[in-house]
Amino acid sequence: MGKELEGKTIPTEPESKETLQVHFEVTVFDLYKHYFQVRLFVETNRNEISFCMPSWTPGSYMIRDYVTHLHKFSACNANTKEPIPWEMEDLHRWKLTNLPPKFEITYIIYAFEDFTVRTNYLETEFGFINPPALFLYPEGNLHLPSTIQFQVAEYFPNVYSSLPRDESNLHLFYAKDFDELYDSPFHLSKKNSVFFTSGNTKHELLVEGDVSFDFISKLANDLQKITETQIQWMMESPNLYYLFVLNLSLPAYGGLEHKASSINYFNPELIHDEEEYKRLLELLSHEYFHLWNIKRIRPIALGPFDYQKPNLTKELWIAEGFTSFYDAYFLYHSGFLSFEEYLIKLQSDIFSLEENEADFWMSLEESSFTAWTKYYKRNGNSHNITVSYYTKGGVLALCMNLFLLRESQEKKTIRHVFHKLNEVFAKDKGRGFTKQEFFDIVKEVTGVDLKLEFNVYLTNPKPIPVDEYLHIIGIRRIQTDLVGETGFKTKEKNGNLLVQRIHHKTNGNSMDLMLDDEILAINGRRANLSLLQKLEKSLRPGEKFHLILSRSGKIKETMVTASGVYKTKKLVLAEDCPIEKKELREYFLRNIV
């Protein structure tokens, strides 16, 4: 049962010396100015309480200072409407004193900063709420349940969320604690959803944007195959319900995982392109696999969360890297990628690690640990010195799987490891695992000491010898036609040719070139994009070319030496490999490892 507060039903706590109950009411304050209004109703016998705004969103590892968009904070007695005293203790915290038994807090949230999966957004067609960016929590009381009432029906008849809702009031939701609330986004819409079932899980798909019902039906059918493949891989689903939200309103790309839902953005102009559609499926496959990997099977640092400061971990190569390997692997085994297409996907990730010298600057563990300040805060040099725990972690997962296939007498793979991690940590212990515990489980399940083989690539800035592991299943690299490359990329702006990106190579020469240098002439001829493209096609490794630049209003000359790159580079099947390698390759292709 619940108690009545201002006409709202709120959860009750067991009898104790101190009581605290909270209920949120969300309204549209001004649709055209993009403002939500939040009223927080509180019932308590405490004299003072501090309320806090989270600084970040789990799954997106950067301090975002959501309080930036909170305005017009006020507090009053719920019965008399008289103001009650409050003060800001710091930039994210309000302290209220001399509290009456019932009071309310009101504030406005600006929801039009960025169109992303981690920020609030409100416009005439839909509204999106990322809960850490909207809801305050009472300090030290993340365990408290809450109710959330939406008063938005005049704008948006449908409110989508994975939270349980009141059967008689579909805009009233219940959260058992603030961790559940912050992990359950809300999408406000005029659109209707569709449903499909995989395993014992009912899936709901909401597509925002101007797309046909035929497209939505096709996507639902394709998602049914992908989710079925993943559920079979794990041999269970932890959810009876799962919500996919796909926003196709504006050109964007991104996804964010949650325990019973995922929020995904994609460019509506690309959905009818076959290759781009597969990229969309890969995104949705990635976020769905997080249903297990991160949301349940996770490094120990990733929960419970401190919403005011970073939860640091060195194991994002498991949480995101393994997910990045399996997203496309599941597409292949669901029938959406041919083996040739899957091989192209693998080589794209593998070869991208060789485009710069980041492997010699940053280890995988450092990449994970510093995600907050480096991976998520990128600059013009990040691509040269920052390793992606997504890409390199995915390549590592591939290599680990191939190594286990060869070394394990019973062909045990990461799949079997995940089953055990799920059983021991997610279910029995109810916590995450340490790095050593991960490798201990691998050894217990497979009999292979994976740490002995791969730890050096985790702790040191060192390239993974991928070709050695691909040889296990008879895949080799072909590299031909060594040609020259300039070592930089350009963009056109107002008819001018500007340096946009510079690639540092470990064995390459440094060049006197800076971002945003304007290229005026190439080898004595007035520069334009066509001339640069002609130079790029004819360059030989080691060849020098002359540039005249404009830098900060000054004219400058420089010589650049072309580095070498293979024009043709791809992975192919080695048909002349030993029979045991062919058998392992067949296992990798026909059995989902």
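Two strands count as paired if DSSP finds at least two bridges between them. By that rule, 4 strands here make an open, antiparallel sheet in the order 10-11-17-14. This is a predicted model, in which local features need pLDDT of at least 70 and side-chain atom pairs count only at pLDDT 80 or more, while totals for chains, interfaces and linings use all residues. Residue numbers start from 1 along each chain as its sequence is written, and side-chain values use heavy atoms, with hydrogens and water left out.

- pLDDT is the predictor's confidence in each residue, from 0 to 100; the protein chain has a mean of 95, and 97% of its residues reach 70 or more.
- Residues 1-7 are another story: pLDDT stays under 50 there, and the model has 21 contacts for them beyond four places in sequence. Contact means heavy atoms within 4.5 Å.
- Where pLDDT is low, the predicted coordinates should not be read in detail.

**The open sheet**

- Helices (H or I, at least four residues) and strands (E, at least two) are DSSP runs, numbered from the N terminus.
- At the edges sit strand 10 (121-122) and strand 14 (158-160), each pairing on one side only.
- Strand 14 is joined by 3 bridges to strand 17 (residues 186-189), and the two run antiparallel.
- Within strand 17, H187 is the residue opposite Y160.

**Rings and charges**

- Searching the whole structure turns up 69 aromatic pairs. Rings of Phe, Tyr and Trp (its six-membered ring) pair if their centres lie within 6.5 Å; planes under 30 degrees apart are stacked, over 60 edge-to-face, and the rest tilted.
- F128 and Y265 make an edge-to-face pair, because their ring centres are 6.3 Å apart and their planes stand at 70°.
- F128 belongs to strand 11 (residues 126-129) and Y265 to strand 22 (residues 261-265), so this pair ties together parts 137 residues apart in sequence.
- Both F128 and Y265 are buried (under 20% relative accessible area; exposed is over 50%, partly exposed in between, with a 1.4 Å probe and protein chains only).
- The charged end of R279 sits over the ring of Y253, 4.2 Å from its centre. The rule is that NZ of Lys or CZ of Arg lies within 6 Å of the ring centre and within 35 degrees of the ring normal.
- K411 has its charged end over the ring of Y587, 5.7 Å from the centre.

- Helix 9 (residues 391-407) has 17 residues and spans 24 Å from first C-alpha to last, close to the 24 Å expected at 1.5 Å a residue. The expected span is 1.5 Å times one less than the number of residues.
- Of its 17 residues, 14 are buried, so helix 9 is largely enclosed by the rest of the structure.
- K411 lies in the loop between helix 9 and helix 10 (414-429); its phi is positive, about 55°, although K411 is not a glycine.
- K411 counts as partly exposed because its relative accessibility is 29%.

- Most residues other than glycine have a negative phi, and most peptide bonds are trans.
- D516 has a positive phi near 75°, in the loop between strand 25 (496-502) and strand 26 (518-522).
- The G303 to P304 peptide bond is cis, with omega near -5°; P304 is in the loop between helix 3 (274-289) and helix 4 (316-333).
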